[in-house]
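Try each one yourself before reading its solution.

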Amino acid sequence: MRLLLLLVSLLLCPLIVFGQGDSVARTVAIEQVAVAGVRPMKELGVQRTELDSALLRENISSSLADALTGGSTLFIKSHGRATLSTASFRGTAPSHTQVTWNRMRVNSPMLGQVDFSTIPSYFIDEATIYHGASSVGVTGGGLGGAIALETRAPAEEGVGLRYVQGVGSFTTFDEYARVTYAGRRWSSSTRLLCSTSENDFRYRNYNTKAFDVDADGRIVGSSYPLQRNRNGAFRDLHAMQEFYASTHAGDRFSIAAWYMDSHRGLALLSADRNTDRQKKNTQDERTLRAVASWERLYGGLKAAARGGYSFTDLRYVMQADPDGGGTMIAMTDARSRLHTLFAQAEVEHTIGEKWLLTAEATIHQHRVHSGDLSVVDQTTGLRADTLYRQARFELSAFAAARWRPVERLGVAANIRWELYGRSASAPIPALFVDWLLSRRGEVTLKASAARNYRFPTLNDLYFRPGGNKNLRPEKGWTWDAGAECTLRGPGRSLHASVTAFRSHIDDWILWVGSPKTGIYTPVNLRRVESYGAETKFAASASAGRDWRLALEGHYAWTRSINRGDKFSPADESVGRQLVYIPEHSAALNARLSWRRWTLAYKWTFYSERYTMTSNDLGVLGRVKPYFMSDLSLEKSLVFRRADLSLKGCIYNLLNEEYESVLSRPMPRLHASIFIGITPKFQRR
Amino acid sequence: MFRSIRRSIRRIAVLCALLFGAGACMDYGPLDEEPIDLPQRGLFIVSEGNFTWDNASLSFYDPATGRVENEIFLRANGMKLGDVAQSMTLHRGRGYVVVNNSGAVYVVDPTNCRLMGLIEGVVSPRYIHFLDNDPTKAYLTDLYDARIAVVDTSTNRIRSRIDMNRHRSTEQMVQWGDYVFVNCWSYDDKILVVDTTTDRLVDSIRVGWQPTSLVLDRNGKIWTATDGTNGEGSALWRIDAATRRIEEYFPLPANTRPSELTLNAAGDELYFIARDVWRMSVGAAALPDEPFLPYAGTTYYGLTVDPETSEVYVADAIDYMQRGVVYRFTPAGACIDTIRVGINPGAFCFKAGASNRAGTSGDFGLSDIKVEKFGNNGSH
């Protein structure tokens, strides 16, 4: 607690010097506010959340998982720092969240999900969340929704450089650099990020005990040990290169390539009695993603074409040394190599001011090679054949007609059709309506409904052992309806929305199996009904040129209920909330700026999450609710040749002990300091 | 305007104070401990939990009253049992609970489930076997280590390790005289033979693909069940322990993975799961025509037979993600109780009453101990 007080004092001390003034020129961040009244045709009836750029740029050590936790109603299931973090919408599974990067889908074709902890928020310029039916306009398979991630050309002309260095608790170091050039016809951006951490935070382990043992092996005393997170060290490297160019004729070209090299220790479970010298789990990943695109406007027609490639080399190794003598032997060496080719063509045609027609075709060609290289068949002495090699062609065709017959009414009809290997979906229709109820307050009513499919992943079908080639695609219906309003005044604004949703998913794919044999098999098991409500608000106010206050809040109530048939007469899961879906989740961000100072407070809340399908409330049946508070203070300094920024962040401000996932203790109060420098080159 | 901003700041401060207060309400900390008093006779039920979820648990069922106590390890000791509890064995008044993915064998007092000791130094332990001919030694198998650990039972420390000649995934053990037989399950087809006097691997018996289970009947015959693989069906095997020769081979119906071999109180009837629950005489020349309990849409996951009454206990894992149930049947197959226990109940261990110290279904003629280890009926 004394450490907490000291850190808070250090962070708040600079406030004392507020009165000294800041006479140098200053820049004031302009909050992003959607201009209502003239609603873009592409957004008719669409339920979307644009992630606040301030959250994306919170600090260089933040991942997209951190940004989504604070800036949306999505549930982020995080296993810890720099560890698997998945996102789920409206009570669905992580594999029901489709993610695109510069329009190329980046969900693993093996697992179907995205690990958001591997996406640094500083590498994303725009993140838009499409809820429920609205995801049909982005991609197929988003039974919960979709997240569209984009990079953008540098805004400022000339040469730009920004370098940020961060130092944090648990021997954490982050370095980020971005070099940009923007000319009249072309621009370039290069980003580099390196994060390393021992990640050996201390926690009181309430899941097991340390024992005092006498010479006869009898336990004579015990206590909950204060121990360090074992084997959680990580090193992540990211590099991204972008080029943008335009021609006199109106063609616009871009290419973005992003390479990641990650080496992560997977922390031992809290009740594991092995030491990190006896047992070690690591995950190494090298991923390259590249997308090139072309766009051109021909009067009322916009044409675009994109092509891309991604490669992932993923290796999970479990090593053990029972003697602790220093010789680790691989017990599991699971290796996966994935290649994906991507191509997309899109046309948009505007007819007057009332019609917008869109057609799009997207293909992904996956090739996967996956298996455990450590397994030896003792009957032959050769490596066991656990590998599967599969390729799959996926086509998604989309057409949309958006119509605004009168200024107040907008209607959109989408249809998507998908081909996965030799299977095809039935047509996926989606309908959107929005109605400007009142110009005053820009009160808009929105409603949408869609049918949707998600095809089994390659692991679902072919994983060895356990893959199930007879799986059916998941299919469902979803609808939502809501209202939003925007109030503006001099120096202030308020935007609020509320949405109710309901969806049904049949043939929900669930992996079931025996820990005893380690063999798991996916089956079409469940019929899931989810319903609830989401609400969000964003408010800002400024006073003169010095003060500015921005608030953003999100709340979701989510019921996700198993409506399937009973497994057996003893099954108590029917009618119960799905595991790891919180009924209530909320986030609040407050940002107070005064001249060049910014004080930001982030608060997140998840209600309890069940870990048994029968919703038992015992110690083993739930993860307790938690509230989390983070605080940061930033000061910008402007000099003739460079701008500097200093930022201090305190995470878990109240020094709480908590778990986000069963038996995965999280770090208590910890802090980081960031120093950024932006040299001023001569602008063109 | 400044006044309005100040007002806003005051409101935010109040809100933050409320949130801080809410944060302070978080409920996380030590687990409650409570005294547990277990009846003299009953059944320990080991629930594996889910892999990497640390939610294994131990239950105790009293057949006399039909009462079940769940999570007794957690409640008695204020700590979790760990990740994937694999098996439990009673030996000389102590219970040994092997927790596979926590790398520990917890030694508990079977009267109150309080921890008495622990065995560490094994990465992925599966089963423990106490030698009949040397009370100071126990063998401990490991899923990943191609060695069997030799445990000093007086100190709970690992004394040495026996090299298994690259055979990983050693599993259950039974003892015949000075020899311990152990099945090697994962990607293997061998029953290995260890000489307990020298702690050395001395022989191996080739059976079918992936022998999953091992018991020793009253006639000194070893039974195992194999998964089968491409072109090779699953099967039951009977091996003469004295000559180490395969005597019988019983092919099982296609698409059944046999497991959970166990014997009745007299050691003359073999039970196992192969989609249905089967029962056959150890002297039978062929599989029975009808199962003891036909498949009924449930996930038969664990099986044991009361060494005193020959009542049959069958575990149902349901969807593997909720508390499973154990059904109790009379030897005639009538269900007489349903017991709700922990997640994935997979192993059992009988605690015999003082009045029946010789009741056992394993290692006939070799053991005078009173308990049965699930699926192993082996030495104690």
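**Exercise 1.** How much area do chain A and chain B bury between them, and what percentage of it is on carbon and sulfur atoms?

*Solution.* Keep in mind that this is a predicted model. Start with the area: chain A and chain B bury about 7,400 Å² between them. Of this, 59% is on carbon and sulfur atoms. Next, look at the side of chain A: Gln378(A), Lys516(A) and Leu620(A) lose the most area to chain B, together 11% of what that side buries. Finally, count residues: 85 from chain A are in contact with 91 from chain B.

**Exercise 2.** Find how many salt bridges link chain A and chain B, and examine the one between Arg340(B) and Glu572(A).

*Solution.* The count is 4 salt bridges. For Arg340(B) and Glu572(A), the closest N and O atoms are 3.2 Å apart, which is inside the 4 Å cut-off for a salt bridge.

**Exercise 3.** Is Asn652(A) buried or exposed?

*Solution.* First locate Asn652(A): it sits in the loop between β37 (642-651) and β38 (659-661) of chain A. Its relative accessible area is 2%, so Asn652(A) is buried, the limit being under 20%. Now check its surroundings: the residues it touches include Met628(A), Tyr658(A) and Leu669(A).

**Exercise 4.** Classify Trp403(A) by its accessibility and find the surface patch that contains it.

*Solution.* Trp403(A) belongs to strand β23 (residues 388-406) of chain A. With a relative accessible area of 35%, Trp403(A) is partly exposed. Together with Ile351(A), Trp355(A) and Leu357(A), Trp403(A) forms a nonpolar surface patch with about 340 Å² of accessible area.

Key: Residues numbered from 1 in each chain as written. Chains lettered and ligands numbered in written order. Predicted model: local features only at pLDDT ≥ 70, side-chain atom pairs only at ≥ 80, totals over all residues. Heavy atoms only, no water. Helix = DSSP H or I, 4+ residues; strand = E, 2+ residues; numbered from the N terminus. Buried < 20%, exposed > 50% of the residue type's maximum accessible area, 1.4 Å probe, protein only. Contact = heavy atoms within 4.5 Å. Patch = residues over 30% accessible without salt bridge, like charges linked within 9 Å, V, L, I, M, F, W, Y side chains within 5 Å. Areas by Shrake-Rupley, 256 points an atom, 1.4 Å probe, with all protein chains shown as cover. Salt bridge = Lys/Arg side-chain N within 4 Å of Asp/Glu carboxyl O. Buried area = accessible area lost by both parts, 1.4 Å probe. Lists of a residue's contacts leave out its neighbours within four places in sequence.
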